[in-house]
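Me: I am new to this structure and would like to learn how to read its features. Could you take me through them one at a time?

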Amino acid sequence: MHEPNIPTLTTADPQVAELVHAEAQRQFEKIRLIASENYVSTAVLEATGTVLTNKYSEGYAGRRYYEGQQVIDQVEQLAVARAKQVFGVEHANVQPYSGSPANLAAYLAFLEPGEKVMGMALPMGGHLTHGWSVSATGKWFSSVRYTVGKDTGRVDMDEVRDLALAERPKLIFCGGTAIPRTIDFPAFAAIAEEVGAVLVADIAHIAGLIAGGAHPSPVGHAPVITTTTHKTLRGPRGAMIMTDAAHAKAIDKAVFPGLQGGPHNHTTAAIAVALGEAAQPSFSTYAHAVVENAAALAEALVERGFDLVSGGTDNHLILIDLTSKEIAGKPAAQALDRAGIELNYNTVPYDARKPFDPSGIRLGTAAVTTRGLGVEEMRLLAEWIDRAVAGEDAEKIAMEVSELMAGYPMPGFVS
Ligand SMILES: *Cc1c(COP(=O)(O)O)cnc(C)c1O
């Protein structure tokens with residue numbers, strides 16, 4: 001059942017309580033490979049469920065629009081101080097509700113409607129909020145997109161530079177949702193400087209790896225860094241924007257009063273807890289283990305004939321093009337889910353299929369590494385993935401999966 005236990009909820013609203021327990025059980029039994037997900041600690045869970053949710057605190061510490069901020073100011077200042085310490089930045093705003101509004105704040109801070117943004121194309125691994133057409137950022141701003149090489153699966157920095165010189169965007173995003181390789185922050189910074197653009201490093205996926213020293217940091221290269229707090233960073237659902245001193249004021253004004261009302265103080269407290277955990281030596285061990293596991297899983301998948309975009313991975317994420325296995329991404333993801341292995345179907349670069357029925361699947365090792373799985377288990381995992389994708393008995397695999405996972409404790413659950 002869920003841990004911490006929820007006795008009051010069970011009495012007050014058994015229907016909701018039952019769903020919470022069922023989801024905890026599901027998360028315990030499955031191998032969770034969705035690259036943007038993780039398991040937060042019990043301490044983070046507890047912080048999110050506190051009376052801090054009762055408080056309104058529009059504004060920033062010492063400059064609020066409501067009274068009674070004696071405690072909330074300290075909570076937010078603690079989260080800010082820890083963000084600055086963990087990432088080595090001059091300024092941090094911990095109020096964005098999530099990654100998408102955090103990115104929108106960067107537009108509001110540095111662009112007028114209709115001005116130009118450059119980001120990685122969504123089907124190449126970028127994010128909706130980097131100027132993709134269906135997003136407000138693509139509708140209200142003019143956008144240009146860079147791609148990855150058809151043969152390499154990697155961003156070609158010469159192409160990015162040529163596009164930037166031709167299009168002169170005012171804002172450039174680097175980072176994305178399906179990038180298995182190291183992001184070259186210095187190269188992006190040089191291009192942004194050459195064309196006079198503000199560089200935003202969106203580190204939503206890799207923030208935990210950066211905090212743990214398992215991916216190079218954008219600090220000193222990108223003046224603005226946006227991130228979610230709930231992916232590899234292993235905090236509550238939320239976001240932060242980190243900047244140098246020169247860009248601090250514009251970002252703060254954009255978040256509030258530009259876009260948002262009152263910050264979610266229970267989330268801010270949980271972000272502070274997660275950042276406290278990320279400052280520990282054990283988190284660096286975790287971040288490196290995430291990368292080692294991804295490398296081991298990638299190697300084992302390649303041995304089994306899987307075609308990995310870019311040929312492998314440098315981080316927590318693997319993108320598989322299933323064309324050679326003669327199955328599309330969606331039926332493969334569904335077969336894997338039946339086999340107890342949870343991931344998402346995903347577009348691969350230059351996908352011949354449609355976005356809602358693409359050729360690939362995306363995997364990440366952040367959650368399974370939190371559970372304690374290691375390199376040995378990654379080989380087993382590759383075998384299960386191979387069997388499930390080939391259409392072998394899903395129920396049998398699901399049984400083997402839940403037997404394995406029963407040996408690995410999960411924060412948030414006791415059996
Ligand atoms: C997840 C993600 C976001 C958006 O975060 P939400 O919290 O889902 O709004 C933005 N950018 C990147 C690169 C992401 O991976």
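Reply: Gladly, and let us begin with polar contacts. A polar contact is a pair of N or O atoms within 3.5 Å; within protein, one must be able to donate a hydrogen and the other to accept it, and residues adjacent in sequence count only if both atoms are side-chain atoms. Here, the backbone nitrogen of His2 lies 3.0 Å from a polar atom of the His21 side chain. Before we go on, note that this is a predicted model, where local features need pLDDT of at least 70 and side-chain atom pairs count only at pLDDT 80 or more, while totals for chains, interfaces and linings use all residues. Residues are numbered from 1 along each chain as its sequence is written, and side-chain values use heavy atoms, with hydrogens and water left out.

Me: Where is His21, and which residues is it in contact with, leaving aside its neighbours within four places in sequence?

Reply: Helices (H or I, at least four residues) and strands (E, at least two) are DSSP runs, numbered from the N terminus. His21 belongs to helix H2 (residues 14–29). Contact means heavy atoms within 4.5 Å, and beyond those sequence neighbours His21 is in contact with Met1, His2, Asn5, Ile6 and Thr10.

Me: Which peptide bonds are cis?

Reply: As a general idea, most residues other than glycine have a negative phi, and most peptide bonds are trans. In this model, a cis bond joins Glu3 and Pro4, with omega about 10 degrees; Pro4 sits in the segment before helix H1 (7–12). The bond from Phe256 to Pro257 is also cis, with omega near 10 degrees, and Pro257 is in helix H10 (residues 245–259). As for phi, Arg168 has a positive value near 50 degrees, and this residue lies in the loop between helix H7 (157–167) and strand S7 (171–174).

Me: How is the chain divided into domains?

Reply: Domain bounds come from an automatic or database domain assignment. Here they give domain 1 (47–278) and domain 2 (287–405), with 28 Å between their centres, taken over C-alpha atoms. In the interface, 24 residues of domain 1 are in contact with 22 of domain 2.

Me: Which salt bridge is there to look at, and how many cross the interface of domain 1 and domain 2?

Reply: A salt bridge is a side-chain nitrogen of Lys or Arg within 4 Å of a carboxyl oxygen of Asp or Glu. The rule finds one across this interface. Look at Asp314 and Arg181, whose side chains meet in a salt bridge (2.8 Å, N to O).
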